Amino acid sequence: MSGYNNKANNSSNKNSIFMVGGIILVGAVILFAYLMWYVSPEENIERVRVVAVTESGCIAETMDGHAVNIGDCQAEPDEYIMALVDQKLKERATMMNPTR
């Protein structure tokens, strides 16, 4: 039993730990990139028509036909106002319903 080489086994354990750590690091960077470019909002001011006023905010329709919640507003239904609209939300809605 004393003839085994323990140094080779020790270096392979270190290599395995570095490999697992590298894979976890790459996964974390990919997740961070996904969250920054796909999920984070990109808001622009657009002219919208207020459809309804609810407890959760005003529901409006953009000029290209997307329904969005613009938050609290002092408008009445069928009134046109300028509001912040999340462009990425519209892109995701278009991807879910490509017939638009």
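Q: Over how many bridges do strand S2 and S3 pair, and in which sense?
A: This is a predicted model. Strands count as paired when there are at least two bridges between them. Here strand S2 (residues 57-62) and S3 are joined over 4 bridges, in the antiparallel sense. For one of the residues involved, Ile 59, the bridge partner in S3 is Asn 69.

Q: Which helix packs on the sheet, and what does the helix touch?
A: Contact is taken as heavy atoms within 4.5 Å. Helix H2 (residues 87-96) packs there, touching strand S1 (43-54), S2 and S4. The direction of H2 makes about 75° with that of S4.

Q: In what order do the 4 strands form the sheet?
A: The order is S3-S2-S1-S4, in an open sheet with antiparallel pairing. Strand S3 (67-71) and strand S4 (80-86) each have a single partner strand, so one side of each is left without a neighbour in the sheet. From one strand to the next, the twist averages 55°.

Q: Which residues make the nonpolar surface patch?
A: The patch, of about 960 Å², is made by Leu 31, Phe 32, Tyr 34, Leu 35, Met 36, Trp 37, Tyr 38, Val 39 and Met 95. Helix H1 (residues 6-39) gives the most to this patch, with 8 residues.

Q: Why does Val 39 count as partly exposed?
A: Buried means under 20% relative accessible area and exposed means over 50%, with partly exposed in between. Val 39, which lies in helix H1, counts as partly exposed because its relative accessibility is 38%.

Technical notes. Residues numbered from 1 in each chain as written. Predicted model: local features only at pLDDT ≥ 70, side-chain atom pairs only at ≥ 80, totals over all residues. Heavy atoms only, no water. Patch = residues over 30% accessible without salt bridge, like charges linked within 9 Å, V, L, I, M, F, W, Y side chains within 5 Å. Areas by Shrake-Rupley, 256 points an atom, 1.4 Å probe, with all protein chains shown as cover. Salt bridge = Lys/Arg side-chain N within 4 Å of Asp/Glu carboxyl O. Helix = DSSP H or I, 4+ residues; strand = E, 2+ residues; numbered from the N terminus. Buried < 20%, exposed > 50% of the residue type's maximum accessible area, 1.4 Å probe, protein only. Axes fitted to C-alpha atoms, helices over the stretch in contact; angles between N-to-C directions.
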